[in-house]
Amino acid sequence: MDEISPEEERIQCLSKKVSAYLEGRDVSEEEREELLNLVSVCQEGVTSLLSAKQKLRESELDAYCIKEELAASVYADKIFEKSKIQLSDEISALAAQFNTLERSERRKREKVGVQEPIILN
């Protein structure tokens, strides 16, 4: 036969006292006080559990908000990276156009016979 722990034995004893009290059997004043103390402890436990449940809900809401902020940040980073790539492509295209215009101007000057200016450092 399995041995029961002192806590289990106490719970069984209290359970019998609660049953007796609820059935209207006589219980001693000491047992009645013990039951009232038990009810008080249970009420405190329930209050503590409700408080913990509320804190958990708040934590879940905080976690959800953080998740949404993170998702928005990742999205913003992707848009920023895409914009950087587009800007880089536009700069490259403008540089190519500038080089083409510069070559064209140089050819025009060469046809007319105008020399390039000499730049002294």
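Predicted model: local features only at pLDDT ≥ 70, side-chain atom pairs only at ≥ 80, totals over all residues.
Start with helix H1, residues 6–22. H1 has 17 residues and spans 24 Å from first C-alpha to last, close to the 24 Å expected at 1.5 Å a residue. Which residues of H1 are buried? They are Leu14, Lys17 and Ala20. Looking down the axis of H1, these buried residues fall within an arc of 120°, so they line one face of the helix. Their cover includes helix H2, residues 29–112. On the face of H1 turned away from the buried side sit Ile11, Lys16 and Leu22, which are exposed. After H1 comes Gly24, with a positive phi near 85°.

Now the salt bridges. How many does the structure hold? There are 3.

Take Lys84 and Glu81, where N to O is 3.3 Å. The two are 3 residues apart in helix H2, so about one helical turn separates them. Lys84 is partly exposed at 42% relative accessibility, and Glu81 is partly exposed at 38%.

Next, Glu102 and Arg106, whose closest N and O atoms are 3.7 Å apart. Here the spacing in H2 is 4 residues, again about one helical turn. Glu102 has a relative accessible area of 36% and counts as partly exposed; Arg106, at 32%, is partly exposed too.

Last, Lys108 and Glu105 meet at 3.8 Å, N to O. They lie 3 residues apart in H2, about one helical turn. Glu105 is partly exposed, at 37%.

Notes:
Residues numbered from 1 in each chain as written. Heavy atoms only, no water. Expected span 1.5 Å × (residues − 1). Buried < 20%, exposed > 50% of the residue type's maximum accessible area, 1.4 Å probe, protein only. Arc of directions from axis to C-beta. Contact = heavy atoms within 4.5 Å. Salt bridge = Lys/Arg side-chain N within 4 Å of Asp/Glu carboxyl O.
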